[in-house]
Structures are given as C-alpha cells and as structure tokens.
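Please walk through this model with me, one feature at a time.

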Amino acid sequence: MSEQSEQSVQASDEQRFGEFVAVRRHEGGHVAELVLDRPKAMNAVSSEMARSIGAACEALAADASVRVTVLTSSNEKAFCVGADLKERNSFTDADLVRQRPTARAAYTGVLELPMPTVAAVHGFALGGGFELALSCDVIVADATAVVGLPEVSVGVIPGGGGTQLLPRRVGAARAAELVFTARRVEAAEARELGLVDLLEEDARTAALDLASRIAANSPVGLRAAKRAMRLGHGLDLRAGLDVEDAAWRSVAFSGDRAEGVAAFNEKRRPQWPGV
C-alpha cells in the first residue's frame, strides 16, 4: 500500500460490518471503500464474511450520499481467493443448502449496488473473489493480479454470477474456455482478454482516483446511467432505447439537472443537490 493510500485510509471514517468487512469514506463521504478484511485467510469468503458483505452492501445501497463504491482488499497477496473451502469441507449437504442464500446475497449485494462500482484487484482474485470483481462496473488491476474461475476443478461451477457475468464481459466462447479449463490468468493477459479493464501500478490508488473523478458528477445522473446500462444490456435496440428513455425521464426534471445546466452557464463547479 502506498504512502498516499495509507494517508487516505487514516483520514477516512470507518464502519465495521462484523469482523471481516469495513467501509471507509473518502471525498467527503461520497466515495465508499468496501474493504474485504480477512487477511489471514486471503479473504476466503466464509458464511460470516458473506453475511457481512451483504449487510455492508445493504447499508451502502440505502445511502444516497454515496456516489461511487470501490471494492478493495486488506491482504497484500490477494484480493479474494473465493469461497472458504475449509469451512465448506465441514458442511453436510443440508448445511450447504442452508448456506447458499447467504453466499448468493453477498454477490448480488455487490452486483445490485445502485451507484457505480470499481474493483481494485491486487494479487489473487479467484473463484468467488473474481466474481465479486466481475460484479463491479469497472475492474482496475495491477501487475500482481491473477484472476480465474477454477470451480470445475473442485467439482462445482462458478455460482456467484460467473457463468453469467463473464460471457457478458468477454463473449461466450472465451468465457467457456476460461471456465472449462479452470485456468488462472495473469495480469497482462487478463487485460488483453478484457477480464480486467485497467492495468495500473497501484490498483487501489488508481481505483480511488477513478472513483474521485466519477464522484465529481451528478449522483442522480450516475445512478440513472448505471440503471439504463444494466437494464438495457441484452435487449434489442428498440427495447434498450425505451429503457434509456425511462432513465432520462427520471433525471430530466431533477434538481441535479437544473444545477448542472446552471453551473455550466455560470462557468462554475456544480453543487449537486442529489435529487
């Protein structure tokens, strides 16, 4: 972690969600850093950690002041290595069935956050760890990143959204090759294949910088734009344009739209009301 990053963390407010998840605030509270904080287990997602991720996402989704969420790790070697297989090894079939909604809520919690989301991938992002990153809108990685969906190598499938999110990102054939071989992909190839979007020297610092630039824009506009892109993806063009029109109507008469136009004409920075 860079000196700049450490100072940023020290200057921010922190809220804990259980033992393994923290939310830190930056940019006057407009950027939320959702920290996976189970470093001794390389952020392997246990049932307890899954509950905490879900709770943190529920709180963030309800907070209109948050304009961008950045998903990071406190571990120096891993973003997240996926499900806690040591815990899973002790499960009966009934335990696994009971745990499934908890696990699923963690991944869908990230996926359904209403504001733009950025993943900062440092080190291993495997299985459910990569699925958490795939659930974000933008993935920033550094040279240490190693990503992959190895679930078929242990007798399961990517069950945190991977079979649906990866094809949407890289296409059906490329996703099939990656899922069926269970292979790990290092940073340079991951960027080439589109598994990550940006390759930077320091993933966390770059992700927070990107979030800061995003957060300067209208929070109403950001959420509406994300909603339009998410709901319109995969629809035919006419249906997609209808989704876009509905999103436009939701912002066209907002306080943010009025402030944005006024600020442009007055040659000043907008002060977004967020409504």
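Helices (H or I, at least four residues) and strands (E, at least two) are DSSP runs, numbered from the N terminus. The model is predicted, so local features need pLDDT of at least 70, side-chain atom pairs count only at pLDDT 80 or more, and totals for chains, interfaces and linings use all residues. Residues are numbered from 1 along each chain as its sequence is written, and side-chain values use heavy atoms, with hydrogens and water left out.

Begin with the helix pair. Helix H2 spans residues 47–61 and helix H4 spans residues 93–111. They pack at an angle of about 40°, and their axes are 8 Å apart. That angle makes H2 oblique to H4. Axes here are lines fitted to C-alpha atoms, for helices over the stretch in contact, and angles run from 0 to 180 degrees between N-to-C directions. Angles under 35 degrees count as roughly parallel, over 145 as roughly antiparallel, 65 to 115 as roughly perpendicular, and the rest as oblique. The crossing of H2 past H4 is left-handed. That term applies if the near helix is turned anticlockwise from the far one by less than a right angle; clockwise is right-handed.

Which residues make the contact? From H2 come Ser47, Ala50, Arg51, Ile53, Gly54 and Cys57. From H4 come Gln99, Thr102, Ala103, Ala105, Ala106, Gly109 and Val110. Contact means heavy atoms within 4.5 Å. By class, the contact of H2 with H4 has 7 nonpolar, 5 polar and 1 charged residues. Ala, Val, Leu, Ile, Met, Phe, Trp, Tyr, Cys and Pro count as nonpolar; Asp, Glu, Lys and Arg count as charged; the others, Gly among them, count as polar.

Cys57 leads on to the cysteines. How many disulfides does a search of the whole structure find? It finds 0. A disulfide is a pair of cysteine sulfur atoms within 2.5 Å. For Cys57, the closest cysteine sulfur is in Cys136, 8.7 Å away and so too far for a bond. For Cys80, the closest cysteine sulfur is also in Cys136, at 12 Å, again too far for a bond. Cys57 is buried at 2% relative accessibility, and Cys80 is buried at 0%. Buried means under 20% relative accessible area, exposed over 50%, and partly exposed in between (1.4 Å probe, protein chains only).

Now the backbone. Most residues other than glycine have a negative phi. Glu27 has a positive phi of about 55°, although it is not a glycine. Glu27 sits in the loop between strand S2 (21–26) and strand S3 (31–36), and at 47% relative accessibility it is partly exposed. Ala182 also has a positive phi, near 60°. Ala182 lies in the loop between helix H7 (172–181) and strand S10 (185–186). Is Ala182 buried or exposed? At 14% relative accessibility, Ala182 counts as buried.

Pro158 is in the loop between strand S9 (146–148) and helix H6 (162–170). Pro158 is buried, at 4%. Not counting residues up to four places away in sequence, Pro158 touches Glu131, Leu149, Glu151, Thr163 and Val179. Pro158 and Glu131 are 27 residues apart in sequence and 8.0 Å apart in space, C-alpha to C-alpha.

Ser218 is in the loop between helix H9 (203–215) and helix H10 (219–232). Ser218 is buried, at 13%. Not counting residues up to four places away in sequence, Ser218 touches Asp256 and Trp272.
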